[in-house]
Amino acid sequence: MKEGIASDAKYRNDYTAYPWDISHLELHFDIAAKTTIVTAEMEYLLKDSAADSADLVLNGSGLKTLDIELNGKMLAADDYVIEGESLTISSAPRRSVLKTKVEIHPGANSALEGLYVSGDFLLTQCEAQGFRKITWFPDRPDVMTSYQVTLEGEKSAFPVLLCNGNQVGSGDSAGGRHWVCWQDPYPKPSYLFALVAGNLALVEDRFKTRSGRDVRLRIYVEKENLDRCEHAMQSLINAMRWDEDRFGLEYDLDIYHIVATNDFNMGAMENKSLNIFNSKYVLARPDTATDSDYQGIEGVIGHEYFHNWTGNRVTCRDWFQLTLKEGLTVFRDEEFSADMQSRAVKRIQDIRDLRSRQFPEDDGPMAHPIRPDKYVEINNFYTATVYQKGAAIIRMYHTLLGEDGFQKGMRLYFERHDGEAVTCDDFLAAMADANQRDLKRFGRWYAQSGTPRVHVSDHYDATGQTYTLTVRQHTPETPDQQEKQALVLPFALGLLDSNGTELAVQLAGETGIAIGTRLFVVDEEKQEFTFTGLAEKPVPSLFRDFSAPVKIHFDYTPEQLAILIAHDSDAFTRWNAAQLMAQNAILEQCRRAAEGLGMVLEASLVKAWRGVLSDYDADPALLAETLKLPGEEYLADQMDVVDVDGIHRARNFIKQGLARELEDLFGRRYAELNDGRAYCKSASAVSRRSLKNTCLAFLLETENGESLAAAQLQASDNMTDTLAAIQGLVLSGSAKAATALSGFEDTWGSDALVMDKWFMMQAVKPGGETLETVRKLMEHAAFSIRNPNKVRALIGVFSMLNPTGFHAPDGSGYAFLADCVIELDGLNPQVAARMATAFNRWKRYDDGRKAMMRRELQRIASKQGLSGDVAEIVKNALA
């Protein structure tokens, strides 16, 4: 056996198909937490019928190889080569049966990839490249085969033994052991393999598919969490029914398992028939989970179920095509949640998420297209770009083709590719062919990174009663690409008069155009649209429903924004106009303060917020979204050089001013909504709580706010109201915050999931003094740096959601995060890399902060033995 070093970057254009077919894979696991023995047997057949032999290359990482047998012959160490994560057997016969035996150590696996321990049970995470930490195998998504898996272990320690597919056998073994055999009839790639072994309780239900299949639904959790599974189970049933109704897709096996764990790097994993979930996205009870938690569970349950077709039945050829399954499935889960909740509110929440999380990625050092051209560590490309922007691009297909056209494309996609590993180009071809549309230029979205800037200018000709919009698009260069092309942008447009009345969007030469939204296409760098029959200059309502993921620039006056806020028929446009008005006001006060001028609360903003608060016809949740001021992180992205403290002061000034001027109205709406009704999780009740707690957040800026929050906390029968009250007390600096936090800890100190909220509430408190609090909390018994949820709740929230804390002028926040990243890198490189991304925008800050962040990045980069995950993030940030 010879060893060497593997190369770093992988390139999309270097793809070559795996030369072998694998007819089947049989696995046997002798399971124990300290040492597990994995035996694998598989039959390989060369695809090239003219070849008698070829090199057989497998992947493995951290394996202790005990035996390798080829066609009945035990191989000696010199019969194969291990180099990096590859094992090569030279000139293997065209038909080869390979049998391997390896030893792995789940209890020592802190990276939470492959097979590892969580509490009292063992489980796996194999996407993207975790299967190679279990056994030698071609660990790539285009290698698909059928699996038969036997799990064997001590019955008292592992009474539950689960794997993909259907159970086909079970029995007892000697020495108090037992075994279960599972068979998955559908060929799958190795990243979809899963097993769970431990002492778990279950909740069971059933679902009958449209064609009559009776499916058993089981959610496995630790016994103390059995009463928190009802919402997850109902969400699964709703998702199965919705996928049949909307997409005509049925579930294809007789059993569907979900397992919840507190130790998970991601949100959840769609392993065929055995989904493994972060407990955050399964467990809920009114007193332990907020309305947002309930919505998140519904969305993630739906997402993983929808992967059964968009990801499992049709998977991606290589990891560069990751958005093929993830972008499409995020779009599907967004649509599912929109149908289950308020479509308008869900859409706004998704847009806010895209603009606050993905747009900065496009402007940062790790900018990449939704289909990247290269990567060092694929784990670093499970990004908002691949997921959320990928979903936005799928949404543009839907916008351009309509629901019927989109569904025609989906049907053709499945007809062509069911059971295959394919590419983004295959999806585009199915959409184009099904609709007889040329989508070649649309395909540029897959290859081009960066967020397009769309600048719109207008001209009104009173004599001719014509109105012209000039639309210019430009995508700035990104670190990975200098040259950019014009993209295909669906341009949904409405026009309003000065009274807010909707007008016909009628081009020259057209007649009989109905009033309302028109869809145009912008696909050149500059295009003009001239509209006729307009007796006055209209107010343009641009990119309604956020019809393209772009940054929109138009020189709206405060009067025009007020018209859109009050009257536009499109919920996104109303919300966006309010956000833009608030953003302009905050950044203007930031500028004034920097120039030594006093800050001023603009009357137009007060008037607009009064109008929103006075609207009793709109969905209260939509009003809540509209009233919320843009976050400090989003505001920072609008500045060339970020003024951390100036943004914080200006935003507080605006919030306090609105609260003061509208205190009576905020108070009246709060009192009406705080009506003492018992908790209910209906959509209308969620909507009312949303507006109530938004009003409370403003009222906490007034003299009476503290007593209102304390009373709400005292009377609360649900986590949504509890958290809103305590968080409000913490953020307002109330003397009552410490008592409230202590009471919360006394109640929930032994609940790992709920305590994450306790950590978050404290980590987000503005100001440099919060760092000392975070340091002390890291010593708390409920915190563990080995647990990703805890790391995200405390270290992640502090460094990514607390600008004035993390960016303290003395650089202490930067040194703290660098220390954490270095420590985490030795435990869980994937989580360490996520934390390191907090430094990605360091060049946007003042010279002092830039120098300090650069120094910490260099310190991380100099760590001996730094993982590839963290090295890629840091190297790109420093470049």
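Start by selecting lysine 280 and tyrosine 281: the lysine lies over the face of the tyrosine ring, 5.7 Å from the ring centre. A charge sits over a ring here if NZ of Lys or CZ of Arg is within 6 Å of the ring centre and within 35 degrees of the ring normal. For another case, pick arginine 669 and tyrosine 616, where the charged end of the arginine is 3.8 Å from the centre of the ring it sits over.

Some ground rules before moving on. This is a predicted model, in which local features need pLDDT of at least 70 and side-chain atom pairs count only at pLDDT 80 or more, while totals for chains, interfaces and linings use all residues. Residues are numbered from 1 along each chain as its sequence is written, and side-chain values use heavy atoms, with hydrogens and water left out.

Now zoom out to the whole protein chain. Along the principal axes, the C-alpha trace spans about 90 × 70 × 60 Å. Colour by burial and 58% of the 879 residues come up buried (under 20% relative accessible area; exposed is over 50%, partly exposed in between, with a 1.4 Å probe and protein chains only).

Next stop, the rings: there are 41 aromatic pairs in the structure. Rings of Phe, Tyr and Trp (its six-membered ring) pair if their centres lie within 6.5 Å; planes under 30 degrees apart count as stacked, over 60 as edge-to-face and the rest as tilted.

Select tyrosine 397 and phenylalanine 442. Their centres are 4.7 Å apart and their planes at 55°, so this pair is tilted. Tyrosine 397 is in helix H5 (residues 384-417), while phenylalanine 442 is in the loop between helix H6 (424-435) and helix H7 (444-447), so to speak a link between distant parts of the chain, 45 residues apart. Tyrosine 397 is buried at 1% relative accessibility, and phenylalanine 442 is buried at 2%.

Then try tyrosine 413 and phenylalanine 414, a tilted pair at 5.6 Å centre to centre and 50° between the planes.

Finish with one aromatic cluster: Trp242, Phe247, Tyr251, Tyr256, Tyr305, Phe306 and Phe336.

Key: Helices (H or I, at least four residues) and strands (E, at least two) are DSSP runs, numbered from the N terminus.
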